[in-house]
Amino acid sequence: MDIILLTGFLGSGKTTMLGELLNEYRDEKTGVIVNDFGKINVDARLLERPGIKMAELSNGSIFCACIKDKFVDSLVEMAGRDLSYLFIEASGLADPSNMESILDGIAGITGGRLKLRGSICIVDGETFGELSQVLPALPKQVEQASVILLNKRDLIDDETAADINGMLKSLNPQAYVIETSYCRVDLRAVVSALKKSGAQESDSVNTYESRPATLILGADGQLNKASLESFIRSIAPYTYRIKGFAVTDEGGVQISYAGHQLQITDSVIAEKTEMVAISSAGIKLLSQVTEASTRLLDGKIKVNL
Amino acid sequence: MGKELIFKTLRHEMTEETPWVPFAGVHAGKLTGYTAEEMLTDEDKLVESLLEVNKIYTPDGMPIIFDLQVEAEILGCELMWAKDNPPSVKSHPCAGEKSIPCSCKIPTEESGRLPMILSAMKRVKKEIGDDVALYGLICGPFTLASHLRGTDIFMDMIADQEYVKQLMNYCAQVSVEMARMYIDAGMDVIAVVDPLVSQVSPKHIELLLSDAFKAVFDYCRSRDVFSSFFVCGNATKQIEVMCKMGPDGISIDENVNMPEAKKTTDSYNVTIGGNIPLTTTMLYGNQNDNMKAVVDLIDSLDAVSKGNYIISPGCDMPYATPVDNTISVVHAVKHTDSARKMIENYETVVDTSDVEIPDYANADKVIVELFLLDPDQCAACTYMLAAVEDVYDKISDVAEYRVYKYCVKEDIPRFVKMGLKNLPTICINGEQRFISIIPSSDELVETIRSYAK
């Protein structure tokens, strides 16, 4: 069973990429493990499809002690199924440096069935330059990848693209780099190009202590759509990522904020308002949420701990 | 009804009577014959004691448990238990090499003594919760950070502010979770109790601590629950920054001039609570002393402005507080005019004739005198004593130290003769050098050595 690991920062395009891969490989026997950082797994809902075996792992990174035991359980369970491919979408701050050692550790139980085909790292062209200096997991994701998609190419200029290409080459000279928008690539060609990276195995930088704070935001009833957008823009500067669903007076919507881009799109699967916000300002995000909720939405959005 | 009186006051509305909240923590155990440790660890004894507080002291609001070590215990601090005091922290898991505790240790409903506490809260809510506002007291994030880090945290505030921010961020998450659980258990007011805030300059509070506190008060507000900020020690300079953090009320002890502080809290539309002196008045005074203290306090507060205050003891009542003293307090709060007539022309006198002040100029060594409230119960006092003990090896060649406690009756005249206005205070050769501020170890050693011959 070939494992294909998808890594990349929050909002870089992993879920979009994985959705495309699942469509492309729909006639193959495919399993998916979706790792979402928040307590609710937004990505899993977006990826649900008939015929795909899915496992959801929430509330931490699969490479961190937080939920590594559950990740291992999922791998063992998938190994027992008749699958050709296992796609794993890691959470945005995951450091996959210990992936091989995890597979080696369970080889006895899985009979060595699970083979890491390689990892595809989705680099967010808008934010990688800045955030890779601050978040150690990002360069690690690049180092461990065999294919790197420099995504959101349409949103950056040539000079920025050249700088990022230079950084990627310096971190991982062997990787195959493709510039994309919306992760539109020849998927089969990408998967074929996968090989094990030459990077050294190491301990993951994901630890309990390095977890950023996440908040679950919820609301009952309908929200005014314009006010909801103002609310998200108001708290966005204090977050790395906001994603989820909301019920508005104009119907259900899906919300995705990453980098400096906010997308609010119609959604038929939005049943209640529930969002995950990953803080870049520690506990201060809580105060920002309550203030903005009071000011813009009559306090309807609450923090659910 | 008492509960509505508290709610109206915390909404800053005018009320017909003065609200009264006794901070009967371990003292509740005295009413039922249980030790402090018994009533802080046994649900039935705790509930029995609290219902007795309600029966005898007829509060408008009351805390369920006054123990700032609940969270610290869960996070790995060892506690030292006492018969007539809340426990004290005796080990600090983040002392020495800097670390932040694991997120997995953030308390849940199953952690430490919380199952007992939450169950007691629900039982008391069911019995008296319609009539009395119930206060859930949580350890403030800065005091919690100091439980984890020990006295090192004061040096960190100068040498590694980024670490302090991270530790405060963690402790704020703990405080918010505690608030959530207590609110879910039915508490009407969440009191964030942080004695050590009085030790920090307003500038450093705003730089390093405010975000953490604000998050807790904002969370309470988002849950439509009142909040209060309890502080001990001379917090006069800190009142304004505390108001800015957004609590509905602030509660202070006898170190702060309450009418003066009310001018600030009124300007921020924050309710002020306090501040009957715990030791001289409630513990060692007589009934007339207690009535006079309350009448004088109410009159001085009304002279500033009517309403927007709650009468309480300055802090957690001493275990052995005579019941009749507290009953006199209740009478003075609820029947102020009657009490005023009863204590006309009564004055309190302290005899200082037996106090011998040392001959500092001719002593062999520098004399460092610590004047504390109660190092077992008052967090600021604990850390001030620790600050001197920790540097003793570096100064023992030139100095000695002595400890006096305001909770010891025989020591009180010395406090009066030394002219002390605020506690805790470190005097060096008779000069008041560190008043309600815990010095860093370097500063303390340097100051003591400057007095050496």
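Guide: Two residues are taken to be in contact if their C-beta atoms, placed from the backbone, lie within 7 Å. The model is a predicted one, and by that cut-off 18 residues of chain B are in contact with 14 residues of chain A. On the side of chain B that touches chain A, helix 9 (161-184) and helix 10 (202-222) of chain B each supply at least two residues, and helix 10 of chain B gives the largest share, eight residues. Sorted by class, that side of chain B has eight nonpolar, four polar and six charged residues.

Turning to the sheet, chain A holds an open sheet of six strands in the order 11-10-9-12-8-13, with antiparallel pairing. Strand 11 (261-266) and strand 13 (302-304) of chain A each have a single partner strand and stand at the edges, so one side of each is left without a neighbour in the sheet. From one strand to the next, the twist averages 20 degrees.

At the edge formed by strand 13 of chain A, three bridges join this strand to strand 8 (residues 214-219) of chain A, and the two run antiparallel; one of the residues involved is Ile216(A), whose bridge partner in strand 13 of chain A is Asn304(A). Helix 11 (residues 284-297) of chain A lies across strand 8, strand 9 (239-248), strand 12 (273-279) and strand 13 of chain A, and it runs at about 15 degrees to strand 8 of chain A.

Key:
Residues are numbered from 1 along each chain as its sequence is written. Chains are lettered from A and ligands numbered from 1 in the order in which they are written. This is a predicted model: local features need pLDDT of at least 70, side-chain atom pairs count only at pLDDT 80 or more; totals for chains, interfaces and linings use all residues. Two strands pair if DSSP finds at least two bridges between them. Helices (H or I, at least four residues) and strands (E, at least two) are DSSP runs, numbered from the N terminus. Axes are lines fitted to C-alpha atoms, for helices over the stretch in contact, and angles run from 0 to 180 degrees between N-to-C directions. Ala, Val, Leu, Ile, Met, Phe, Trp, Tyr, Cys and Pro count as nonpolar, Asp, Glu, Lys and Arg as charged, and the others, Gly among them, as polar.
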